[in-house]
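The sequence and the model are shown below.

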Amino acid sequence: MSTFDFDIGIIGGGAAGLTVASGAAQLGAKTLLVEKEKVLGGDCLHYGCVPSKTLIRTAQVYHLMKNSRVFGLPAIETPPVNFQAVKQRIQSVIATIQKHDSEERFCSLGAKVEFGEAVFEDEHLVRLNGKQVSAKDWVIATGSSPSIPAVEGLDQTPYITNKEIFYLDRLPGSMVILGAGPIAIEMAQAFCRLGTKVSVVQRSGQILTKEDKDMADGVMRVLSSEGVSFHLNASVFRVKDLGPEQEIVLNDGEGRPFSLRAEKILVAMGRVPNVETLGLGGIGVEINGKGIQVDRRMRTTQKYVYAAGDVTGDNQFTHAAGYEGGIVVSNAVFHLPRKADYTFLPWCTYTDPELASIGMNEKRAREAGIEYSVWTEPFKSNDRSLAEGEERGKIKLLLDKSEKPLGVQILGPHAGELVSEWVASLNGNVKLSTLAAAVHPYPTLSEINKRVAGTLLSQKIFSDRVRKGLKFFFNLKGRACG
């Protein structure tokens with residue numbers, strides 16, 4: 001029997017890698033966690049979820065200050081934003097969470113942490129900091145990086161990505177954002193609210209292209225009303241450094257050129273897997289057009305190597321990475337053939353209002369050729385929403401022809417929290433009638449979940465057929481008001 005230095009080795013200290021390391025070590029596996037950066041936590045902690053949500057909250061408070069009269073309060077003169085103070089708050093939140101994602105904590109769990117770049121020499125062996133380290137199984141959880149488009153002049157022009165945007169020395173007066181995915185749209189609203197003049201450039205005719213157009217358009221209308229400019233069906237022709245500003249030359253949907261100028265260019269045009277320096281080609285780990293190829297048990301094409309998280313190119317969310325890390329632990333440590341199931345995986349774009357989804361939307365249902373019906377409920381009919389000053393948005397429930405839920409989309413206040421009730425309901429096979437009958441506290445935003453489920457049932461209950469039956473059996477006399 002071969003002897004290895006470790007039972008399991010993990011390359012990458014982000015959400016997926018930390019989940020595997022924590023689980024494996026606590027189960028008694030001799031565990032090695034390798035991280036190329038100086039600290040653990042990955043993109044989410046340092047350049048993604050945590051700093052972005054902290055910035056979004058700061059921008060939301062500033063926006064409320066500027067709109068105090070909407071809530072019956074005196075108008076106030078808001079001073080300009082000091083981005084150094086904003087940055088300090090972001091760094092303080094990161095530092096607090098960093099304690100949970102520290103080398104000391106994982107050592108206390110039983111996992112050894114090494115910092116450096118690992119390169120595979122065979123399916124069990126890597127070279128790390130000038131020495132060879134072996135493990136029975138390896139897990140690649142190296143995450144992803146911003147995709148940089150091949151645009152003329154971009155390599156000679158200063159630009160920023162999600163890795164720099166939270167650490168700027170000052171608030172830029174203007175910004176052009178290339179791309180219109182979740183990162184781009186969240187940052188567009190946040191920086192616009194803080195005082196930056198923001199323009200968004202999108203190649204297609206819709207922002208947030210994975211979402212249904214009606215929901216994405218709802219987000220765009222809100223951002224437009226706040227001052228964000230959108231240039232859809234536009235392609236970037238070239239960029240040029242003009243010193244204090246950068247020039248972006250574009251073609252519109254009909255091929256006509258136009259240009260924009262801004263202090264900062266934010267490139268947010270997708271992600272690429274971090275695989276180039278791992279030496280995967282020599283050990284039989286295949287990479288497809290999106291990332292490392294894995295099966296539903298998170299196994300790569302090399303039987304002793306797993307992959308999880310952004311590096312696979314699918315479902316690039318922190319919570320998905322953590323879930324996939326759990327799948328790896330089940331298979332590599334427990335040796336149970338557990339498979340990933342993304343049928344009811346939730347996600348959320350943290351604009352204001354938020355846009356949250358779970359399961360299929362209309363776009364995906366049409367692509368799959370599934371017959372469906374749509375049931376909606378607007379937030380302007382929710383009493384708590386009105387009290388909060390939020391009338392925008394709606395919830396949308398998709399049912400198949402058997403009236404079983406396919407998915408839910410919510411555009412509205414705290415949609416990311418509201419969708420959690422559907423996470424439990426859909427994954428737990430809870431009937432719509434059960435959800436509709438459950439007593440929700442009043443007044444709460446969550447009543448909108450009960451309301452949309454009840455809309456379907458009320459049409460059946462309050463039907464002509466039921467009324468006629470009740471009249472026949474109980475001699476009900478009908479309407480009291482004409």
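## Charges over rings

The charged end of Arg105 is placed over the ring of Phe106, 5.3 Å from the ring centre. A charge is taken to sit over a ring if NZ of Lys or CZ of Arg is within 6 Å of the ring centre and within 35 degrees of the ring normal. Lys30 likewise lies over the face of Phe6, at 5.3 Å from the centre of that ring.

## Basis of the model

This is a predicted model, in which local features need pLDDT of at least 70 and side-chain atom pairs count only at pLDDT 80 or more, while totals for chains, interfaces and linings use all residues. Residues are numbered from 1 along each chain as its sequence is written, and side-chain values use heavy atoms, leaving out hydrogens and water.

## Aromatic pairs

Seven aromatic pairs are present in the structure. Rings of Phe, Tyr and Trp (its six-membered ring) pair if their centres lie within 6.5 Å; planes under 30 degrees apart count as stacked, over 60 as edge-to-face and the rest as tilted. One of the pairs, Tyr47 with Tyr167, is edge-to-face, with 6.3 Å centre to centre and 80° between the planes. This pair links distant parts of the chain, 120 residues apart: Tyr47 belongs to helix α2 (residues 42-47), and Tyr167 to the loop between β7 (144-146) and β8 (174-178). Helices (H or I, at least four residues) and strands (E, at least two) are DSSP runs, numbered from the N terminus. Tyr47 counts as partly exposed because its relative accessibility is 24%, and Tyr167 is partly exposed at 26%. Buried means under 20% relative accessible area, exposed over 50%, and partly exposed in between (1.4 Å probe, protein chains only).

Phe472 and Phe473 also form an edge-to-face pair, 5.2 Å centre to centre with 85° between the planes. Phe472 is exposed, with a relative accessible area of 68%, and Phe473 is exposed at 62%. Ring pairs link Phe472, Phe473 and Phe474 into a cluster.

## Strands β17 and β18

Strand β17 (residues 346-349) is covered on both faces: Pro346 and Cys348 are buried on one side, Trp347 and Thr349 on the other. Four bridges join β17 to the antiparallel strand β18 (residues 354-359); two strands pair if DSSP finds at least two bridges between them. Thr349 stands opposite Leu355 in β18, and a hairpin of four residues connects β17 to β18.

## Glu114

Glu114 lies in strand β3 (residues 111-115) and is buried, with a relative accessible area of 16%. Not counting residues up to four places away in sequence, Glu114 touches Leu32, Leu33, Val34, Glu35, Leu128, Asn129 and Lys131, where contact means heavy atoms within 4.5 Å.
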